[in-house]
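Got a few minutes for some pocket and core exercises? Load the model and work through them with me.

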Amino acid sequence: RAFRQTVKAVNQDAYIVGENWDESNPWLMGDQYDAVMNYGALYPLWQTFATVKGMPKYTKTMLIESLGKHLTTYPHPVLEHQYNLLDSHDTSRFLTLCEGDVDRFMQGYVMLYLLPGSPSVFYGDEVGMMGGHDPDNRRPMRWDNKDQNPMLLDFFKSLNHLRRQDGRFRQVNLSFLKVEDERCLVVKKSSLIAIFNLSPDALDLPSKLIDDYPNVLLSHHLKDASHLLRYGFVLLSTE
């Protein structure tokens, strides 16, 4: 508490983040941290989009239940400022957990950017760095362009641009639309929706959603207006 008072006296906008791994409401009452590293949201994303030894693989329903429970643990002002991540200096890199599958890796990051709070990209994820558990996850940054994945770099630039320009990404309220197909995950934020194909097979998109949300903001493996290929995603908007 004294630390917060000292820091805020110097800079009221300073962002104080706690490296907490568990439910952290006692530290987020407004007199200590502004946010914590949001591992409570990380694990469900790992278990859906990656393959993690010792953790069960999540279905769409399990992801929705787990994230829903986590997001209702914290009050609205806390969710606005959470430090959201998919990997860090203490974990294996997310691309390694995705077994090098760039498609699933990109899906996970789109979902991360939709969550309420601030998305964090561990250095090198944006160019496709891999690494196992600490210290393998702390490999030196790949500065040489020939060692980088330009497609991933463009993907992150696009995501960052969308989040900066489109206030819907920064809204707290988030819902999951009911779709019977367990392979099809649909996330809604205001007049923005994201559709994920959680399977390695092509997926027919719900026709009503395509009609209601005609504008494509970002997509990967969108074959045409009605099909998503393996582990593809599409961000759609009415605006």
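**Exercise 1.** Find which residues lie nearest the centre of the largest pocket.

*Solution.* Start with the lining: 14 residues, with Asp22, Glu23, Gly40, His70 and Tyr74 nearest the centre. A pocket here is an open set of points on a 1 Å grid over the protein atoms alone, where a 1.4 Å probe fits, with protein on both sides within 12 Å along at least five of seven lines; lining residues have an atom within 4 Å of a point. Next, look at the elements (DSSP runs, helices being H or I of at least four residues): helix H2 (39-49) and helix H3 (60-71) each give two or more residues. H2 has the largest share, three residues.

This is a predicted model, with local features needing pLDDT of at least 70, side-chain atom pairs pLDDT 80 or more, and totals for chains, interfaces and linings using all residues. Numbering runs from 1 along each chain as its sequence is written, and side-chain values use heavy atoms, leaving out hydrogens and water.

**Exercise 2.** Work out which helix gives the most to the lining of the second largest pocket.

*Solution.* List the lining: Arg4, Tyr15, Leu28, Gly30, Tyr33, Asp34, Pro77, Val78 and His81. Helix H4 (residues 76-81) comes out on top, with three residues.

**Exercise 3.** Track down what Leu114 touches.

*Solution.* Skip residues up to four places away in sequence, and Leu114 contacts (heavy atoms within 4.5 Å) Phe169, Leu174, Val187, Lys189, Leu192, Ala194, Phe196 and Leu235.
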